[in-house]
Every structure is written in structure tokens, then in C-alpha cells.
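Welcome! Here is a short briefing to read alongside the sequence and the 3D view.

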Amino acid sequence: MECASCGAGIEHCHGTLVVHPDGGFAECTDPACADGDRVRHALIVDCRGVGGGCGCATAPRKTLLRHAS
């Protein structure tokens, strides 16, 4: 059985995109996926919602200090 996007020739990924908002990056569960663009993924989750948690969600947040000039 072929998915509708495959049948229509639409560029897409069958994996789930895991977004790491604190780390500023995303990764896909499909090892063959080379593009972490949200448009290519029908399934997108926040890393904090992944079973077992995520290391970046438990890491201490870095505080960015800015000085007035």
C-alpha cells in the first residue's frame, strides 16, 4: 500500500520530526531523512513529549546576559 503523498509524488518524510526548542534544532526518527524541514513532516512533536524525556529538556537553561553600552 502506498501513502497518498508518495502516490502524488510530493516530497515528504514518513518519520516523526522531534523539535528541541531549547537546543534550537530538530531531528527525525527516520534515519534516511536528510532534511529536518517541518514542511516535509506530517508528524511533529516537542522533545518534552517523547517517552522517557529528552536530555535537552532536563539540561539547565543558559541565561544570556546583555550589557547596555
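Three strands form an open sheet in the order β2-β1-β3, with mixed pairing. At its edges stand β2 and β3, each with a single partner strand, so one side of each is left without a neighbour in the sheet. From one strand to the next, the twist averages 30 degrees; axes here are lines fitted to C-alpha atoms, for helices over the stretch in contact, and angles run from 0 to 180 degrees between N-to-C directions.

Please keep in mind that this is a predicted model, where local features need pLDDT of at least 70, side-chain atom pairs count only at pLDDT 80 or more, and totals for chains, interfaces and linings use all residues. Residues are numbered from 1 along each chain as its sequence is written, and side-chain values use heavy atoms, with hydrogens and water left out.

**Overall layout**
- The protein has two helices and three strands, taken as DSSP runs numbered from the N terminus (helices are H or I, at least four residues; strands are E, at least two).
- Along the sequence, the pattern reads α-β-β-β-α.
- Of the 69 residues in the protein, 16% are buried (under 20% relative accessible area; exposed is over 50%, and partly exposed lies in between, with a 1.4 Å probe and protein chains only).

**Strand pairing**
- Strand β1 (residues 13-20) pairs with β3 in the parallel sense over five bridges; a pair needs at least two bridges found by DSSP.
- V19 stands opposite D46 in β3.

**Around R40**
- You will find R40 in the loop between β2 (25-28) and β3 (41-46).
- R40 is buried, with a relative accessible area of 13%.
- The side chains of R40 and E11 make a polar contact at 2.8 Å (N or O atoms within 3.5 Å; within protein, one must be able to donate a hydrogen and the other to accept it, and residues adjacent in sequence count only if both atoms are side-chain atoms).
- The R40 side chain also reaches the backbone oxygen of D35 at 3.4 Å.
- Leaving aside neighbours within four places in sequence, R40 is in contact with E11, H12, C13, C33 and D35, where contact means heavy atoms within 4.5 Å.

**Cysteines**
- The structure holds zero disulfides (a disulfide is a pair of cysteine sulfur atoms within 2.5 Å).
- C6 is in no disulfide, and the nearest cysteine sulfur, that of C3, is 3.4 Å away.
- C6 counts as partly exposed, at 31% relative accessibility.
- For C33, the closest cysteine sulfur is in C13, 3.7 Å away, which is too far for a bond.
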